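Please read them with the coordinates open beside you.

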Amino acid sequence: MNQPFLPPDDLPPARTTLVDEILHRQLETVAGIRFYQTCGPIMRVLLSNCHWYFQTSSGILTLVIVCYDIESYWHITNAVSHILKRLKLFSNSAKIRLCPPTELGTPWEIEVNEVLDDEIPDDEE
């Protein structure tokens, strides 16, 4: 049996506690607030036409955007590069999960590190 290099007090907990879950939810909420503050007015309008939130899983910050109509979905897909640029301010391993209207397909994901910096336009949305 392998002995850990760290003393037991320095190892991560074996299971999450209620406090861990509360802190996790607070992190997602604050990330959403800060992200929205970094967006320009056009991006804020686009996001207001969808349901969006942050979630973290395995240490990866994911912006989930649920579009309820095809027009909102089309506008958001055209703004993905701008969203990625804002998201990269928070984490180099973050990603977007874009969910189209239910009858029009399945959700897709794109990671911030999949797009090169020179592919993201500098102009303001």
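1. I begin with Lys95, whose place is in strand β3, a strand that covers residues 95-99. The model is a predicted one, and in it Lys95 counts as buried because its relative accessible area is 15%, where the cut-off for that class is under 20%. The side chain of this lysine makes a polar contact with the side chain of Glu109, at 3.1 Å. If neighbours within four places in sequence are set aside, the residues in contact with Lys95 are Ile60, Leu61, Thr62, Leu63, Leu87, Glu109, Ile110, Glu111 and Val112.

2. On the overall arrangement, the protein has four helices and four strands, and from the N terminus on these elements follow the order α-α-β-β-α-α-β-β. Of its 125 residues, 34% count as buried. Among the contacts with a separation of 6 or more, 55% are accounted for by residues 24 or more positions apart.

3. Helix α1 deserves a check of its geometry.

4. Which residues of α1 are buried? They are Glu28, Ala31, Gly32 and Phe35. Seen down the axis of α1, these buried residues fall within an arc of 100 degrees, and therefore they line one face of the helix. The face turned away from that buried side carries the exposed residues Leu18 and Val19. As for what covers the buried residues of α1, the cover includes α2 (41-48), β1, β2 (60-67) and α4 (80-87).

5. The structure holds five aromatic pairs. One of them is formed by Phe35 and Trp52, which are edge-to-face, with 6.0 Å from centre to centre and 65 degrees between the planes. This pair links distant parts of the chain, with Phe35 in helix α1 (residues 18-38) and Trp52 in strand β1 (residues 50-57), 17 residues apart. Phe35 is buried, and its relative accessible area is 0%.

6. Trp52 also pairs with Tyr36, and here the rings are stacked, 5.9 Å centre to centre and with 15 degrees between the planes. This pair, too, joins distant parts of the chain, for Tyr36 belongs to helix α1 and Trp52 to strand β1, 16 residues apart. Tyr36 is partly exposed, with a relative accessible area of 31%. Ring pairs link Phe35, Tyr36, Trp52, Phe54 and Phe90 into a cluster.

7. My last point concerns the cysteines. How many disulfides does the structure hold? The number is zero. Cys67 is in no disulfide, and the nearest cysteine sulfur, that of Cys50, is 3.6 Å away, whereas a disulfide would require the two sulfur atoms to lie within 2.5 Å. Cys67 is buried, with a relative accessible area of 1%. Cys99 is likewise in no disulfide, its nearest cysteine sulfur being that of Cys67, 7.9 Å away. Cys99 is buried as well, at a relative accessible area of 13%.

Note on methods: Residues are numbered from 1 along each chain as its sequence is written. This is a predicted model: local features need pLDDT of at least 70, side-chain atom pairs count only at pLDDT 80 or more; totals for chains, interfaces and linings use all residues. Side-chain values use heavy atoms; hydrogens and water are left out. Helices (H or I, at least four residues) and strands (E, at least two) are DSSP runs, numbered from the N terminus. Buried means under 20% relative accessible area, exposed over 50%, partly exposed in between (1.4 Å probe, protein chains only). A polar contact is a pair of N or O atoms within 3.5 Å; within protein, one must be able to donate a hydrogen and the other to accept it, and residues adjacent in sequence count only if both atoms are side-chain atoms. Contact means heavy atoms within 4.5 Å. Rings of Phe, Tyr and Trp (its six-membered ring) pair if their centres lie within 6.5 Å; planes under 30 degrees apart count as stacked, over 60 as edge-to-face and the rest as tilted. The arc is that of the directions from the helix axis to the C-beta atoms.
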